[in-house]
Amino acid sequence: MSFKNFPMVSNVIFGRGCFSQLNEIITPKRENELAPFIYLIDDVFENNYNLLSKISLIYDDYIVFISSNEEPKTTQVDALVEDIILNTKSIPSGIIGIGGGTILDLSKAVALMITNSGSSEDYQGWDLIKNRAVYHIGVPTISGTGSEVSRTTVLSGPKMKLGINSDYTTFDQVILDPELTEGVPIDQWFYTGMDCFIHCVESLNGTFINSFSKSYGEMAYSLCKEVFLLELSIEEKQNKLMMASWHGGMSIAYSQVGAAHALSYGLSFVLGIKHGLANCIVFNQLDEFYREEVILFRKILRTHKIKLPDQICKNLSNNDLDKMIDIAMNLEPLWKNALGENWKDTIDKKSLKEIYKKM
Ligand code: NAD
Ligand code: ZN
């Protein structure tokens, strides 16, 4: 047996308002005057003076505002990297990603691709990256994905939605400032928060579970229940959900996600539904895998008066359904975690089609 030796974020700062220490953090990391810091920021902050006023651009530093309407694509990463190479006089001192999972993943991928040749699609998979990334910082502005701690960046390529998983993907620095999550719309807060809830359910109920993952998973699960079911102040909710996301990410780092994520990847790839929402749509139909937790999930749905879209697969062509099923079936480690080595005894194309048809 070979034990996983996984990298962690080497520096992390936490606290309401801690984003104002960004300049102090990056100053010693500047390589030279020609090597800029490049900020990739969710365009929802384009007119947010409160956030932008804390960023000091000096020398050749610049900001790129990016829409997160669509999840990151390999072509988008390649175009961003090409622009950076054309527009800078030297390799950047660092990439600073400010936003949700979409922007965090884009920033990780861009930092990797500046120092690795070819297209990002060549590196979708496990441990294909050869060179260390440039210094990269993640600043989450919505909580749940755990992208801030993970060693992957999930990209949609021409053929598949798959992460660039590598020891160099993990951020060098993370800034956890719960105040930055102010203004997240309620439905999005719910979908991304439930991503964390589902990470915990899949990790804790999986066959890969171990004491390391369990300690983080139980903490994150209990924080999620507090945030989504108890009366707490807005500040407490923001603080706790940010830490739940972190712990949920740590939990899956040493175990794996499961059936919900396998099916959700198929849904996102074919229908372009974003990760948090796709997970919720899928999870709502997974009584046979995670019965108790699905009941709790429905209670949380009712509590927050969230109505999930339904019948989205009803009129899909067989071709599209087959594509979804192929993507889901290919995620072997996820099924092994959910059901064990003999997962193929329980799951086949026909049974997956029945589950998709219910969505
Ligand atoms: P997101 O980044 O797509 O953002 C969702 C929406 O919230 C966007 O419209 C965005 O503009 C808005 N938003 C973000 N912060 C805001 C704020 N403070 N105020 C107002 N609006 C705000 O959503 P997400 O759920 O965080 O990320 C989903 C992505 O994360 C997917 O691409 C998924 O594949 C990826 N993901 C990655 C990992 C990983 O380990 N790398 C894990 C899970 C998910
Ligand atoms: Zn997820």
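Q: Which residues does K161 touch, not counting residues up to four places away in sequence, and what makes each a contact?
A: K161 touches E71, Q124, V154, L155, S156, Y265, S268, F269 and H275, with residues up to four places away in sequence left out. Contact means heavy atoms within 4.5 Å. This is a predicted model, in which local features need pLDDT of at least 70 and side-chain atom pairs count only at pLDDT 80 or more, while totals for chains, interfaces and linings use all residues; side-chain values use heavy atoms, without hydrogens and water. Residues are numbered from 1 along each chain as its sequence is written, chains are lettered from A and ligands numbered from 1 in the order in which they are written.

Q: What makes the pair K161 and E71 a polar contact?
A: The side chains of K161 and E71 are joined at 2.8 Å. A polar contact is a pair of N or O atoms within 3.5 Å; within protein, one must be able to donate a hydrogen and the other to accept it, and residues adjacent in sequence count only if both atoms are side-chain atoms. The value of 2.8 Å therefore falls within the 3.5 Å limit.

Q: Why is K161 called buried?
A: K161 has a relative accessible area of 6%. Buried means under 20%, exposed over 50%, and partly exposed in between (1.4 Å probe, protein chains only), so K161 is buried. K161 belongs to strand β8, residues 161–165; strands (E, at least two residues) and helices (H or I, at least four) are DSSP runs, numbered from the N terminus.

Q: Why is S107 called buried?
A: The relative accessible area of S107 is 0%, and S107 is therefore buried. S107 sits in helix α4 and, neighbours within four places in sequence aside, is in contact with L40, I95 and G97.

Q: How do you know that residues surround ligand 1?
A: A residue counts if one of its heavy atoms lies within 4 Å of the molecule. For ligand 1 there are 29 such residues, the closest being G101, T102, S150, T192 and K274.

Q: What lies 2.5 Å from an oxygen atom of ligand 1?
A: A polar side-chain atom of K274 does. Taken alone, ligand 1 exposes 870 Å², of which the protein buries 91%; accessible areas come from the Shrake-Rupley method with a 1.4 Å probe.

Q: Why does ligand 1 lie between domain 1 and domain 2?
A: Domain 1 (11–181) and domain 2 (186–357) both give residues to the shell, so ligand 1 lies between them. The bounds come from an automatic or database domain assignment.
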